[in-house]
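Here is my note on the structure you asked about. Keep the sequence and the 3D view open as you read.

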Amino acid sequence: MSQSPVPNSYLSAPASSNTRRAFFLGLPAWLFYSLLTILVWGAWGATSKVASDGIDANTNQIFFTLGLLPLMFFVLRSPRIRGGHQRRSGIAWAFFTGLLGGVGNIAFFRALEIGGKASIVVPTTALFPLVTVVLAVIVLHERISTEQWFGLALAFIAIYLLSA
């Protein structure tokens, strides 16, 4: 296993042939990063409303993208960015993902710009996994349980209740 840039006191990964279970600050690493995502995206939702009160959606997207530049320099240092055909395919899909995300961001910023409340727009747009689930079932042929279909129905009800 390669040397981790994170001190061993924060991150440990017991050896396993099939899975790598990493821990960060005593939490499974995936959970730590998921919670960090919630925290950062929550703050992002609130600051997006403040920004949208001062500039239009397109300008907001430009500055949003510029705000990513410092992170891009950090990420480009990853040794995994170079590689063979599979890497190039992954990079192409990541680029396409960025285009989809950018269009979604502009629509999100526009919703805030034209008067949408952050307390309504953010949770409503956070229901985007509904599209992911539908596409996963149709395109990737994944199966979801009856309980998961029920959860999807509740999410649609949540959209209705939030928009009322």
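1. Start with K49. K49 is buried because its relative accessible area is 18%, and the cut-off for buried is under 20%. Remember as you look that this is a predicted model. K49 sits in helix α1, which covers residues 29–52.

2. **What K49 touches.** Which residues does K49 touch, leaving out those up to four places away in sequence? They are L112, G115, G116 and A118.

3. **The partner of K49.** K49 also forms a salt bridge with D53. The closest N and O atoms of the two are 3.4 Å apart. Side chains of opposite charge can pair when their charged atoms come close. D53 counts as exposed, at 58%.

4. How many salt bridges are counted? The count comes to 2. E113 and R110 are 3 residues apart in helix α3, so about one helical turn separates them. E113 counts as partly exposed because its relative accessibility is 29%. R110 is also partly exposed, at 43%.

5. **A buried asparagine.** Stay in helix α3 and find N105. N105 has a relative accessible area of 14%, so it is buried. Beyond residues up to four places away in sequence, N105 touches W44, Q61 and F64. Trace these contacts one at a time.

6. Take L76 as an example. L76 lies in the loop between α2 (57–75) and α3 (85–113). Its relative accessible area is 44%, so L76 is partly exposed.

7. L25 is not a glycine, yet its phi is positive, at about 55°. Where is L25 placed? L25 is in the loop between β2 (23–24) and β3 (27–28). L25 is partly exposed, with a relative accessible area of 49%. The cut-off for exposed is over 50%.

8. H141 has a positive phi of about 60°, although H141 is not a glycine. H141 lies in the loop between α5 (129–138) and α6 (146–163). H141 counts as exposed because its relative accessibility is 64%.

9. **The overall layout.** Step back to the whole protein. It has 6 helices and 3 strands. In what order do the elements run from the N terminus? The order is β-β-β-α-α-α-α-α-α. Follow it along the chain in the view.

10. **Cover and contacts.** The protein has 164 residues, and buried ones make up 14% of them. The protein exposes about 12800 Å². Carbon and sulfur atoms supply 70% of that area. Take the contacts between residues at least 6 apart in sequence. Of these, 47% join residues at least 24 apart.

11. **How confident is the predictor?** The protein averages a pLDDT of 82. At least 70 is scored by 84% of the residues. Which element has the lowest mean pLDDT, and which the highest? Strand β1 (residues 11–12) has the lowest, at 45. Helix α2 has the highest, at 89.

12. **The start of the chain.** Over residues 1–19, pLDDT stays under 50. For that stretch the model has 19 contacts beyond four places in sequence.

Technical notes: Residues are numbered from 1 along each chain as its sequence is written. This is a predicted model: local features need pLDDT of at least 70, side-chain atom pairs count only at pLDDT 80 or more; totals for chains, interfaces and linings use all residues. Side-chain values use heavy atoms; hydrogens and water are left out. Helices (H or I, at least four residues) and strands (E, at least two) are DSSP runs, numbered from the N terminus. Buried means under 20% relative accessible area, exposed over 50%, partly exposed in between (1.4 Å probe, protein chains only). Contact means heavy atoms within 4.5 Å. pLDDT is the predictor's confidence in each residue, from 0 to 100. A salt bridge is a side-chain nitrogen of Lys or Arg within 4 Å of a carboxyl oxygen of Asp or Glu. Accessible areas come from the Shrake-Rupley method with a 1.4 Å probe; for residues, only the protein chains shown count as cover.
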